[in-house]
There are 2 protein chains.
Amino acid sequence: MASSLSFSQAATAAGTTVSANARLQNAAPAAQSHAPMAFSFGKFAGRGLRSHGKVAFSPKRRLSLDSSRKNVIRATAVETLETTSTALVEKSVNTIRFLAVDAVEKANSGHPGLPMGCAPMGHILYDEVMNYNPKNPYFFNRDRFVLSAGHGCMLQYALLHLAGFDSVKEEDLKGFRQWGSKTPGHPENFETPGVEVTTGPLGQGICNAVGLALSEKHLASRYNKPDCTIVDHYTYCIVGDGCQMEGISNEACSLAGHWGLGKLIAFYDDNHISIDGDTEIAFTEDVITRFQGLGWHTIWVKNGNTGYDDIRAAIEEAKSVEDKPTLIKVTTTIGFGSPNKANSYSVHGSALGAKEVEATRQNLAWPYEPFHVPEDVKSHWSRHIEKGAAVEAKWTAKLTEYENKYPVEAAEFKTLISGKFPEGWEKALPTYTPESPAEATRNLSQQCLNALARVLPGFLGGSADLAGSNMTLLKMFGDFQKDTPTERNLRFGVREHGMGAICNGIALHGGGLIPYCATFFVFTDYMRGAMRLSALSEAGVIYVMTHDSIGLGEDGPTHQPIEHLLSFRAMPNMLMLRPADGKETAGAYKVAVLNRKRPSIHALSRQKLPHLAGTSMEGVEKGGYIISDNSSGNKPDVILIGTGSELEIAEKAGIALRNEGKAVRVVSFVCWELFEEQTSEYKESVLPAAVSARVSVEAGSTLGWERYIGSKGKAVGIDSFGASAPAGILYKEFGLTIDNVVASAKQVMA
Amino acid sequence: MASSLSFSQAATAAGTTVSANARLQNAAPAAQSHAPMAFSFGKFAGRGLRSHGKVAFSPKRRLSLDSSRKNVIRATAVETLETTSTALVEKSVNTIRFLAVDAVEKANSGHPGLPMGCAPMGHILYDEVMNYNPKNPYFFNRDRFVLSAGHGCMLQYALLHLAGFDSVKEEDLKGFRQWGSKTPGHPENFETPGVEVTTGPLGQGICNAVGLALSEKHLASRYNKPDCTIVDHYTYCIVGDGCQMEGISNEACSLAGHWGLGKLIAFYDDNHISIDGDTEIAFTEDVITRFQGLGWHTIWVKNGNTGYDDIRAAIEEAKSVEDKPTLIKVTTTIGFGSPNKANSYSVHGSALGAKEVEATRQNLAWPYEPFHVPEDVKSHWSRHIEKGAAVEAKWTAKLTEYENKYPVEAAEFKTLISGKFPEGWEKALPTYTPESPAEATRNLSQQCLNALARVLPGFLGGSADLAGSNMTLLKMFGDFQKDTPTERNLRFGVREHGMGAICNGIALHGGGLIPYCATFFVFTDYMRGAMRLSALSEAGVIYVMTHDSIGLGEDGPTHQPIEHLLSFRAMPNMLMLRPADGKETAGAYKVAVLNRKRPSIHALSRQKLPHLAGTSMEGVEKGGYIISDNSSGNKPDVILIGTGSELEIAEKAGIALRNEGKAVRVVSFVCWELFEEQTSEYKESVLPAAVSARVSVEAGSTLGWERYIGSKGKAVGIDSFGASAPAGILYKEFGLTIDNVVASAKQVMA
């Protein structure tokens, strides 16, 4: 323990630790190897790169890999090493490898290859570089780590376990991928404290990391003072070949370069193996050149398997480049240490099998039982509890100093990171009356966004190059840019998927930021992967989706959503809102802000809509509610149900039918999910079971409406693609008319 | 006419035309200007780049743009010019500009900026470079053109009009963006012959172009002979800044570089304006460097506004590079010629307005009425009808020669490009009995894919790096690669969105290729934009989507689809199939192959499933059908409806209920869309209106099932996210059990 303690004392600040370590090792090479070393890659020697396709591999590439393989060093089988020598580092690295191997083996499911290859960079990050407090995973100023290649999650679980996070105990490792465990098959922030975001779908994590780094840059620029720094952390990320191939990562990395996110450091695990075999079969681009084009600083660590000092030096260099994000390409061997499976796709996504696990134990001279952490490794890592507490205490003291010097800013900052809202914030939302001038809900949305930005210090966002169409600009702020990071209008460019995933990172940063983002509703098709992860990972992103139907007119069917409303109504933990006018738009934003663990989509019109008499913010909170009714005893002749721009049609059809003597109820069905959460009494009061004569009207798929109109109801909607023509003509041609609703009502009443 | 004819005779081969023109103009500069020229950009002089955000622009960039502006040359107002001089080219270019300006003005909607800036490259492509036959837009060996920046479609409509395509007459230009016109707001192949693919959603077109170029390379390598070339065309594409920002384009361009698609030539319209303003606000990456990283040849034409010879030379250079695709970055001025709106976002997506149209006419010295094509321009372009017929005739003669020399190959090739299938192809599909060993439908799918590849010469495809999980490898073929283009296994890498859009290009190439592509079903979220365009543009892509439910087990909720089945059932013109066993999988593929204008999705299990007694291929073609029934008189006590892996549960629940004396019908509901197309008599025979006791069971959203189970039915399904655990445990925990279906049936019968 003594050596651990002294190490801990020397290493309060992570930045210092690295350089101290690096210097120590450079100065005293003799101290690096307390243990016998052996070069043992004999079993690899005869094996070419694997693929089950017919591909000629570049001999040049193979050579460079072969040379790195020669650096494999056996860890020792001594139970305790006394100093933090390279031998101890090796031993810790092998501990990480075997925790991954053993957990995957026990589950008979999972991905051992990445943890075995990335264990060195993982060790250096969590043991030497990163600031965090294992006993408070939500410590605000922690360095963030994102495993974009989420399938390698056993790497992260092993690291969290060694570092002392309570979320990953030994029994959790043993429960890997089992029902109810804290160690699911991919990293999930909502299951495992210490995991920042939810990854697995490739490419998402690096975009989340861009969002985390953006949050840091924004908050740092707003709250830090020349004499007092309270926001100051790095974002680290490991991306694999798969992440690099996904377009989403190029989108976000282009933005990271544009924004100059200097505290974003991404490790590219260049192991040249993906599920289908060698990346030569589909991925021969020059990633370093591409990232240079994207405005990143780039470094190549050629031996990521054992080149610890190279990794350390790369991180130092990355930190020294403050105006650009850094990509550290780290060439590794997937499944490092497995004599028969390393460097092949077979180690990517399956358990090694008992025989190969044994061979790997032999090869890396690892005599321990499954899940065993050798005492010296355990002791070495144990300092992080103390160190983490010290790091947090130091920051807390800094915050107190800040509070004394800058009480106003401190109050705002503390509210922000507490996740609370200023008292009475919702009163800032605009109010409307039926006399207010008709307006497109996209414009009403902009009034709400601007109102919220005035009262919510964490409110920020932007559009994928459609700010002027989505109406998302915050008028009192400028653009968040490299040199103007205090501003709050985010300019995402035409990068919908990256935008969504960046916003997930912002929402999950822990800094209390509330991100919104925008495009045309139809282009949710480009970003659905990120939106689903908002829902799954409880990231309360606000999706501002305008041009929500054929009502957008001339742009035609490529731009006209049809099935989109339904498709999101079916997505778990997503609120799909389609407000009809000003009051409902304000209500939708109130719901959105309050739901910090549930993302919301706001489907908004391009075309002008009147403010209806019966709508209300309160109604929106119930999801579905009566806006007009001339019936009594909860027994209308017919119920007309509309949403968004078609609520006006339902209301006018209702008036026409009442003029013919009918008892008509008109219901706004602005959010199905919220309606489902109401009591059965409330639901019965809106949609009484006894009344089967029901008509819905919505400019979208009719599928799904049967849930509310029943077998005898009629849905007026569109089940084909739209067309290019002025909106009014389209509404007529597609039958979205008052006449058609009236006729349908008469049919169902007959 | 005389000069046109001689020009036409000199220009039978497009490649020759370019260099002849270029040489002519270099040799005789005095002949280039028959008309007075005037430099007239005074009104631009005082204007900086526009944006409504707060951004500092790079002075360097502004300078280089300013210098290109000085090259603006007024076209003359002489009605007829006698030679194909630069002045006539200018006049043709201005004709294109004003057709776009006038059409957008008349529609009061559209995007004039791109056509005004890209008219020079458009003119050179359609007038000097490309091979096509305006009277047969489907002539097989035509050069393909894709306007990836689809909003600029008036460029393409103007070019098709000038070139003599019957699809775009003057009245079609005047009907731009109107109901029923052939000139919708974005280019739609199914509306406008001469338009190859449907673009508008940014980034898709360049990926389609990659698919078109891949098709050419594949067919050329399979059918061309050293002494007889029958497949030989280029694919040209114009991409804008928006396309470049989209991740999908990076995915496909990475593959294009990997595959070495030397006959793909993309023009990057570098006008540094997107909807939100100057691209400086969100897009400052170095595109040329990125494309070099992607393995492309790159060229920069710095004056795309008037540098005709530079554009010509760039195309020549691009053609000379045969092992790499080429990106020609062409710096243009958006809205070129508009004195007050050029070079700003205001000219991107709105009509200029009467006053600015007039100012533009003045500025470019264009005295003609709206939609007027000057006689000399008309006469000049008129040669393309004769030239196109000659080009096609020459190719037809070549094909006859080929047929004489290579009758077997010719027969196959002709069947292929006719879109017909070899007689009796469907008999190749595998057959199964209840005694066949239980198998995952993903494995049964592979048997079908391999069977089809044996009998369908156009069948090819692959996976987004999951070939071994999706089971999509064609065992008798190797990988399509740069040097092995005859092979039929496509390796897309982890690029789902690009994969889908590339397959759209393959399906719409006209070469009779039938592409399939694959990933996990949940990752349709990454590629939905392309899938929707398959449906809209009638591209019969076959989507092989495995791991179709929580049945995939341990990978957990990031990988488990829930809402996806429903979301695709609501997508127009998309067939969502979920086969339950071998017979249904074979049936699904039969449906898929036959539906060449309707894409299909095959949701397939990871887990093994038994072959059921009552399933059939014929049943699949009806969408929903009875697989077992002990009732009589079309009056079962209860109807149990299942799909895919849950059909077995429904069947077993049926057996259990029959053992208790109930009359139970079990229905397979493999494809809702096909069921909807059946007669009402057939539907009634499967789901009689009188029987309201119905239970559905499906491992996905319950929403939507009300359409078939009615208000009194019960849907057994999952409306939350899944979890990470073995599949059997998940099925139990989420209630997808025989017991639960039996209990539900008893409830609805009560």
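This is a predicted model: local features need pLDDT of at least 70, side-chain atom pairs count only at pLDDT 80 or more; totals for chains, interfaces and linings use all residues.
Two residues are said to be in contact here when heavy atoms of theirs lie within 4.5 Å.

In chain A, His123(A), Tyr126(A) and Asp127(A) of helix H5 meet His380(A), Trp381(A), Arg383(A) and His384(A) of helix H14. The residues of this contact divide into 2 nonpolar, 3 polar and 2 charged. H14(A) covers residues 375–405, and its axis lies 10 Å from that of H5(A), at an angle of about 45 degrees. The two helices are therefore oblique to each other.

**Helices H4 and H6**

Helix H4 (residues 86–107) of chain A also has a partner: its axis comes within 9 Å of that of helix H6 (residues 153–163) of chain A, and the two cross at roughly 120 degrees. Because angles of 65 to 115 degrees count as roughly perpendicular and only those over 145 as roughly antiparallel, H4(A) is oblique to H6(A). The crossing is right-handed. On the H4(A) side, the contact is made by Thr95(A), Ile96(A), Leu99(A), Ala100(A), Ala103(A) and Val104(A). H6(A) brings Met154(A), Leu155(A), Ala158(A), Leu159(A), His161(A) and Leu162(A). By class, the residues of this contact are 10 nonpolar, 2 polar and no charged.

Here are the two pairs side by side:

| Helix pair | Axes | Angle |
|---|---|---|
| H4(A) and H6(A) | within 9 Å | roughly 120 degrees |
| H5(A) and H14(A) | 10 Å apart | about 45 degrees |

**Helix H13**

Which helices do the buried residues of H13(A) pack against? They pack against H4 and H5 of chain A, and H5 spans 113–129. H13(A) itself runs over residues 354–363, and its buried residues include Glu356(A), Val357(A), Ala359(A), Thr360(A), Arg361(A) and Asn363(A). Just after this helix, Ala365(A) takes a positive phi of about 50 degrees.

**An annotated residue: Glu496**

An unreviewed UniProt entry places the feature "active site" at Glu496(A). This residue is found in helix H18 (residues 496–507) of chain A. Is Glu496(A) buried or exposed? Its relative accessible area is 3%, so Glu496(A) is buried, the cut-off for that word being under 20%. What does Glu496(A) touch, leaving aside its neighbours within four places in sequence? In chain A, Glu496(A) is in contact with Glu251(A), Ala464(A), Thr519(A), Phe523(A), Tyr526(A) and Met527(A). Glu246(B), from chain B, is in contact with Glu496(A) as well.

Note on methods
Residues are numbered from 1 along each chain as its sequence is written. Chains are lettered from A and ligands numbered from 1 in the order in which they are written. Side-chain values use heavy atoms; hydrogens and water are left out. Axes are lines fitted to C-alpha atoms, for helices over the stretch in contact, and angles run from 0 to 180 degrees between N-to-C directions. Helices (H or I, at least four residues) and strands (E, at least two) are DSSP runs, numbered from the N terminus. Angles under 35 degrees count as roughly parallel, over 145 as roughly antiparallel, 65 to 115 as roughly perpendicular and the rest as oblique. A crossing is left-handed if the near helix is turned anticlockwise from the far one by less than a right angle, and right-handed if clockwise. Ala, Val, Leu, Ile, Met, Phe, Trp, Tyr, Cys and Pro count as nonpolar, Asp, Glu, Lys and Arg as charged, and the others, Gly among them, as polar. UniProt positions are given in the numbering used here, feature names are shortened, and annotations may be inferred rather than shown by experiment. Buried means under 20% relative accessible area, exposed over 50%, partly exposed in between (1.4 Å probe, protein chains only).
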